[in-house]
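Please read the following walk through a protein chain with the coordinates open. It goes from one annotated span to the sheet, and then to individual side chains.

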Amino acid sequence: MLKTKQKSLVTEELIRRRAEHNDCEILSLEEVSLHQQDIERIEHVDRWCRELRILYLQNNLIPRIENVGRLKKLEYLNLALNNIQVIENLEGCESLRKLDLTVNFVGLLSSVESLQHNAHLRELFLVGNPCTEFQGYRQYVVAALPQLKWLDGTEISRSERIRASQGLEQVRRRVREQEQEYLRRREDGVISIRRTDSQDDKENLRSAEEEEQDFWHTPCSFTPESRLEAHRRLEEEKNANRNLTKKLFSFSFTVNLKEKPNILTLLHMDTSLMDVDVQPTYARVSVKGKVVLPAEVKPDSSTARRSQTTGHLVLTMPRVGTLKYRFHMHVINIKTKHDLSPRQTKTQI
């Protein structure tokens, strides 16, 4: 079932963060990568970054090309892996030489004619779009854009250009017929999705887990709607895992002389987040930058040995003031909803 969520925006903070190579200056920025940011609309870039020559926006959720017309110096625009359905609004990009629209949803092949105004365009990528399956696709694009040198990574030869210009009107009519057929199938697909959502809302008989399994295991058409829905579900699962991680990494760092404090960490936690520092006069254990076990020890009386029964490494360090600290590692299992049973380590003192 399709659900709406708050859109990811192009903000000044985001652009400055991605402009570290330019000392976080955005007015003079010539290249910026905004890929994989879940962006759902192109905005502000054409006003804040007028000097841009290269703009990476691949692997986002952008449904439309817009707000780039003021980028007069833009030479390379990468919009691969988005939800774009029409090629438009690029007439103002006077210096554009390379446009990458790989794996989008461009079904209106005739919209490539809007690129005739981009006199310097030399490379165009449309691989993975519905329009590439049209009969006469390559001939139509080569004839419509005489300034192109490369199409989908293949060089356009002089003889191919001559052949493409022959019988162009017939190819154009055939392309328009295929566009109409594609739009009809797209509309039928959207209506089918809406009917399914309505039935699910009314019946609401399946559990959330059953519905989730059904979604991922039932084949469906690759459309902007299905891609958005898959992204939403992945985000929900990621947020759920993030909340679980926060819960598991909530520590209480008080030392009780009568009881042994416990420290809970995941076995597969990134080791760069953990640090154990044993010095001649003290030992320090920190997790995610927070000191866990500060204590002065007696190094001459400390021992380290591995248990012959469990294989755990045991570090025994007498603390200054007679109290001894013993560290050892053992494994427990945690059952998740996917029954993957990731292991977890527990350190005792």
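The end C-alpha atoms of residues 134-152 lie 15 Å apart, and the span is 42% helix and 11% strand. Helices here are DSSP runs of H or I with at least four residues, strands are runs of E with at least two, and both are numbered from the N terminus. UniProt, in an unreviewed entry, lists residues 134-152 as "domain: U2A'/phosphoprotein 32 family A C-terminal". UniProt positions are given in the numbering used here, feature names are shortened, and annotations may be inferred rather than shown by experiment.

The model is predicted: local features need pLDDT of at least 70, side-chain atom pairs count only at pLDDT 80 or more, and totals for chains, interfaces and linings use all residues. Residues are numbered from 1 along each chain as its sequence is written, and side-chain values use heavy atoms, with hydrogens and water left out.

The secondary structure of the protein comprises seven helices and 15 strands. Of its 349 residues, 36% are buried, where buried means under 20% relative accessible area, exposed over 50% and partly exposed in between (1.4 Å probe, protein chains only). Among contacts (heavy atoms within 4.5 Å) with a separation of 6 or more, 42% join residues 24 or more positions apart.

Seven strands make an open sheet of mixed pairing, in the order β1-β2-β3-β4-β5-β6-β7. β1 (31-33) and β7 (154-155) are the edge strands, each with a single partner, so one side of each has no neighbour in the sheet. Two strands count as paired if DSSP finds at least two bridges between them. Strand β3 (residues 76-78) and strand β4 (residues 98-100) pair in the parallel sense over three bridges, and L77 stands opposite L99 in β4.

A search of the whole structure finds one aromatic pair. Its members are Y56 and Y76, arranged edge-to-face at 5.6 Å centre to centre with 85° between the planes. The pair links distant parts of the chain, since Y56 is in strand β2 (residues 54-56) and Y76 in strand β3, 20 residues apart. Rings of Phe, Tyr and Trp (its six-membered ring) pair if their centres lie within 6.5 Å; planes under 30 degrees apart count as stacked, over 60 as edge-to-face and the rest as tilted. Y76 is buried, with a relative accessible area of 15%.

Helix α3 (residues 137-144) is mostly covered, with six of its eight residues buried: Y137, Y140, V141, V142, A143 and A144. What does Y137 touch, leaving out residues up to four places away in sequence? Its contacts are L109, L126, C131, T132, L151 and D152. The side chains of Y137 and D152 are joined by a polar contact of 2.6 Å. A polar contact is a pair of N or O atoms within 3.5 Å; within protein, one must be able to donate a hydrogen and the other to accept it, and residues adjacent in sequence count only if both atoms are side-chain atoms. Y137 has a relative accessible area of 8% and is therefore buried.

E113 lies in the loop between β4 and β5 (123-125). With a relative accessible area of 25%, E113 is partly exposed. Not counting residues up to four places away in sequence, E113 touches Y140, A144 and R172. Y140 and A144 are among the buried residues of α3. E113 and I87 are 26 residues apart in sequence and 8.6 Å apart in space, C-alpha to C-alpha.
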